[in-house]
Amino acid sequence: MEAVDLTEITQHRVRNAKYALAARHTDFESMSELVNEQVPDRLQLLLTSSLVMGLSTSTSDIDLIAVVREKLDEDRAPAQLFGHDRRVDLILYSEDEVDRSLKQLTETAEHDLPVILRRFREWPPDILRPKYLERVINGVSSELACPYLHHLGPLSRVWAIRSFDQLRAATVHTLLAQTAGERRSPLAYALRAVTHAMDVVMSLSGDVYSNPKWYALRWERFTARLVDRSVPPDLVDLIDRSWADLKALLRSGSADDAMGDAVLAIYRSVCGQLAFDPDTPVGASDVVIAAPTESRALSAEATMLTSPNGRVALFNSTGPVPTSVPTMDAIQRLSPAAAAGLLRASRSKMLDVSITSAESR
Amino acid sequence: MTESSHQQQPLWATGADLAQIEFFPRLRFGMPRHGFVYLRPFIVSCWHLAISGRTYIEDAEGAANLPSYLVTLKVGLAELLVAVDCLLQGIEPLDDHHRLAMLFEHGLSEVAVADAARCLSALGLDHPDGDGESEIAKLVALWDAIQEAFPAELPNPLVPGGQGELLRALRSWDRLLRSAEVDPGFLADLYRML
């Protein structure tokens, strides 16, 4: 990630916050008074989410996080307050929880890509969930500062890698679905691939916001003001063209056999940004074939597969059993039956195409 | 992707009359279901519809001049409906990776008897750059139809007094689960995820 100017980002976020609150005929002072009734003694009151990211609409609610000194009950839930004709969601975290979460994030970001992913997937349950940690880091305080923004570097890295794993999975599924001969699902998988590619690129530039519903709008604004010279213009163009093409396909109800190639090209380009080998094996399955007598329990042509994680799935035994997974390029050379088998295994949760799965073998 | 590589045969016909879609047919008909197996997914479905479903519609109502945002909202709502569809079938929801793909290939069966074409049209996914107000009206109409047809009242925590409604629903569900000898522990997890 090219070095970001935290001062400039802070100014931008504070402007967004003030503008968004003013549009709702309120301000930080009023928010503080509202919260005082619930939490009189606090270290920080942060405005978070769409309002500070400059994305809020007329119906967006106000998301606040209060950081307090004392230890809190683990069973707490967000509170919803109503004031100034607006719903205000308030979440409380202790200073200790926030500190431990930031430490976890910093330590995670120091590792290589596969370890980052593994740590993300095994995120400790007794600290802030990643999406709330992101809100804290991006949050604007009632003192008109961004007191946690200096953690943006580690957040960017971890979040970009998390989205990259999603892009990778969507690429695998696009290719499998297309090779298997499915007509509509490749479009759905491609949509997912392209929007996650958008998020990877933005996150690497310090524009991190965890909610997927904002990906496309954020991308539009990000590319309109693009200043990060480390973002390759070719990749931006590729993503833009693919997004436009996908929307055209949705309108026309058409399929496009070149969709998989476009998604694969995006994936390879993003791999370059992360210095990740695009030919890393896709994943592995833990499928165990039931004993022959049991596998034919249903009919002469049906095989019931089981896996150590307790899943079961019915497979047509005339097709191959998905016990091995090729590299990304090899997917398009699979037979339709083999691709269909692998796709079915992934949908049945018997096949994990995450990088963490591949790396563990 | 190029114009010349497009297949000519359309994958779906556009146009769906919401009035022709039957919502929650099996739930309303009455099917033999074991409480021990079915209560938890049913309650989680209620939760998803009451919280996330409402939030998507609320978000959409502010997105008239933001077509990019509307597309991703529609996708999010579609994925939610697929998750609820799986739960009402009594199966585990598909991973996020596959939910939209499921809708695109097969539509819905429990939330609505609607093939892929009808679902895409009802959600407006076949009009990714459609007029904002029309697209929002479409989503609101769909949501109203879902609420109208759902055979239980969904609490609304997004309005004043709504959290009280939600807490009352949670208490009812807790009693229901205990009477069926189902562990109600997951209710606390749902509440924490608000």
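User: How many residue pairs are in polar contact between chain A and chain B?

Analyst: The model is a predicted one, and the count between the chains takes in pairs in which both residues are at pLDDT 80 or more. On the side of chain A that touches chain B, β3 (79-83), α7, α8 (185-204), α9 (215-224), α10 (233-252), α11 (259-274) and α14 (336-347) each supply at least two residues. Between chain A and chain B, the number of residue pairs in polar contact is 17.

User: Which element of chain A supplies the largest share of the side that touches chain B?

Analyst: In total, 55 residues of chain A are in contact with 45 residues of chain B. The largest share of the chain A side amounts to 9 residues, and the element that supplies them is α10(A).

User: What area do chain A and chain B bury between them?

Analyst: The size of an interface is often given as the accessible area lost when the parts come together. Carbon and sulfur atoms account for 54% of the area buried between chain A and chain B, and the total is about 4700 Å².

User: Which residues of chain A lose the most area to chain B?

Analyst: The area in question belongs to the interface of chain A and chain B, which bury about 4700 Å² between them. Three residues together make up 15% of what the chain A side buries, namely R184(A), K213(A) and L250(A).

User: How many salt bridges does the rule find across the interface of chain A and chain B?

Analyst: One salt bridge joins the side chains of K349(A) and E92(B), at 2.9 Å from N to O. A search of the whole structure finds 26 salt bridges over all chains. Across the interface of chain A and chain B, the number found is 7.

User: Why does the salt bridge of K247(A) and D129(B) join two chains, and where does D129(B) lie?

Analyst: The side chains of K247(A) and D129(B) meet at 3.3 Å, N to O. K247(A) lies in helix α10 of chain A and its partner belongs to chain B, so the pair joins two chains. At 13% relative accessibility K247(A) is buried, whereas D129(B), at 41%, is partly exposed. The place of D129(B) is the loop between α5 (116-123) and α6 (132-149) of chain B.

User: Which helices of chain A does the pair D199(A) and R218(A) tie together?

Analyst: The side chains of D199(A) and R218(A) form a salt bridge of 3.0 Å, N to O. The parts that the pair ties together are 19 residues apart in sequence, because D199(A) and R218(A) lie in two helices, α8 and α9 of chain A.

User: Are D199(A) and R218(A) buried or exposed?

Analyst: The cut-off for a buried residue is under 20% relative accessible area. By this cut-off, D199(A) and R218(A) are both buried.

User: What separates D96(B) and R99(B) in helix α4 of chain B?

Analyst: The side chains of D96(B) and R99(B) meet in a salt bridge of 3.6 Å, N to O. D96(B) is partly exposed at 42% relative accessibility, while R99(B) is buried at 18%. Both residues lie in helix α4 (residues 96-106) of chain B, 3 residues apart, so the separation is about one helical turn.

User: Which residues are joined into one network by salt bridges that share partners?

Analyst: The network is built from salt bridges with shared partners. The residues it joins are D61(A), R87(A), D89(A) and E58(B).

User: Which residues is N16(A) in contact with, leaving aside its neighbours within four places in sequence?

Analyst: N16(A) lies in helix α1 (residues 6-23) of chain A. Its relative accessible area is 15%, so N16(A) is buried. With those neighbours left aside, its contacts are L51(A), V52(A), M53(A) and G54(A).

How values were computed: Residues numbered from 1 in each chain as written. Chains lettered and ligands numbered in written order. Predicted model: local features only at pLDDT ≥ 70, side-chain atom pairs only at ≥ 80, totals over all residues. Heavy atoms only, no water. Contact = heavy atoms within 4.5 Å. Buried area = accessible area lost by both parts, 1.4 Å probe. Salt bridge = Lys/Arg side-chain N within 4 Å of Asp/Glu carboxyl O. Polar contact = N/O pair within 3.5 Å; in protein donor to acceptor, adjacent residues only side chain to side chain. Helix = DSSP H or I, 4+ residues; strand = E, 2+ residues; numbered from the N terminus. Buried < 20%, exposed > 50% of the residue type's maximum accessible area, 1.4 Å probe, protein only.
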